Amino acid sequence: MSFFSFGQSAEIDIVLNDAETRKKVEHKTEDGKKDKYFLFYDGETVSGKVNVTLKHPGKRLEHQGIKIEFIGQIELYYDRGNHHEFVSLVKDLARPGELTQSQTFDFEFTHVEKPYESYTGQNVKLRYFLRATISRRLNDITKEMDIVVHTLSTYPELNSSIKMEVGIEDCLHIEFEYNKSKYHLKDVIVGKIYFLLVRIKIKHMEIDIIKRETTGTGPSVYHENDTIAKYEIMDGAPVRGESIPIRLFLAGYELTPTMRDINKKFSVRYYLNLVLIDEEERRYFKQQEITLWRKGDIVRKSMSHQAAIASQRFEGSANPENKVPAQAKEEDD
């Protein structure tokens, strides 16, 4: 608020051109609540209108220019003063001058690169937003509008099963197997556990899904582990030769795709953690990383030239999956 003008003399509103038809999705905010935002994909155009409404009709509003920006940025909570922008586009809507009445300005950011998924975590936030600004000598008038971006992938060509052994010499020997190592966010983890040798009294066994968020580099690296799910495999003592099936549905949990070294600022990885507890309350662990990815629609529309370029940009990237072009839609089931 300006001391000289006792409040802003205009209001800004940002309206997307396809606001009535564009899908909205829930996304967690920094305070842990969930709000709904318009959903976009990489390569999609972002267009709309900026409405400037004068609070005092007939009174002139002098300005140094009006602009709108499309920004993608990463904010590390321990370094809040620095916002790391990886996308920054600007459109000038009006030259310096004055407004004598309310006015509407059209804008369009064509085939915008949105390389990363929107994410709100324990120590980091990756967000995309539109920001309209009326530049003034004393106090700018601004309005921001957040959107959410999902990154889609196609089925990974290499998806080998996971086979591991847990052993304590002359006491315990367990083999466990999961059907694959890469799962989409609404997939089912199917597996089996084989008890080859059991000489300690196990009373409880479970599989946990653990999300590990890593931020920072070098000596200032922060790790945050969050147990997303607990799945009880058995309650009671197993016997030698017993085989226990595992069937864990991922759709009911709050998961994101695996994110590796995003803009050299943070990573999000997921692990399956096998936990055994004996009658003396001793705990035995075995952890295995899995890759999560967001599934795109199987039906493809014809690709535009720009979308083809957008998809080619990710071929050979660090991710094991291939990105899906902007026209492909996210699966709802």
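Lys-230 is exposed, with 54% relative accessible area; exposed here means over 50%, buried under 20% and partly exposed in between, using a 1.4 Å probe and protein chains only. The model is a predicted one, where local features need pLDDT of at least 70, side-chain atom pairs count only at pLDDT 80 or more, and totals for chains, interfaces and linings use all residues. Residues are numbered from 1 along each chain as its sequence is written, and side-chain values use heavy atoms, with hydrogens and water left out.

Lys-230 pairs up with Glu-206 in a salt bridge at 3.2 Å, N to O; the term covers a side-chain nitrogen of Lys or Arg within 4 Å of a carboxyl oxygen of Asp or Glu. Glu-206 sits in strand β17 (residues 202–215) and Lys-230 in strand β18 (residues 222–235), 24 residues apart. Glu-206, at 9% relative accessibility, is buried.

Strands are DSSP runs of E with at least two residues, helices runs of H or I with at least four, both numbered from the N terminus. The chain has 22 strands and one helix, and 47% of its 333 residues count as buried.

By the rule above there are 20 salt bridges. One of them joins Asp-13 to Lys-143 at 3.9 Å, N to O, linking strand β1 (residues 10–16) with strand β12 (residues 141–149) across 130 residues. Asp-13 is partly exposed at 35%, and Lys-143 is partly exposed at 33%. A network of salt bridges also links Glu-69, Arg-127, Arg-131, Glu-144 and Asp-146.
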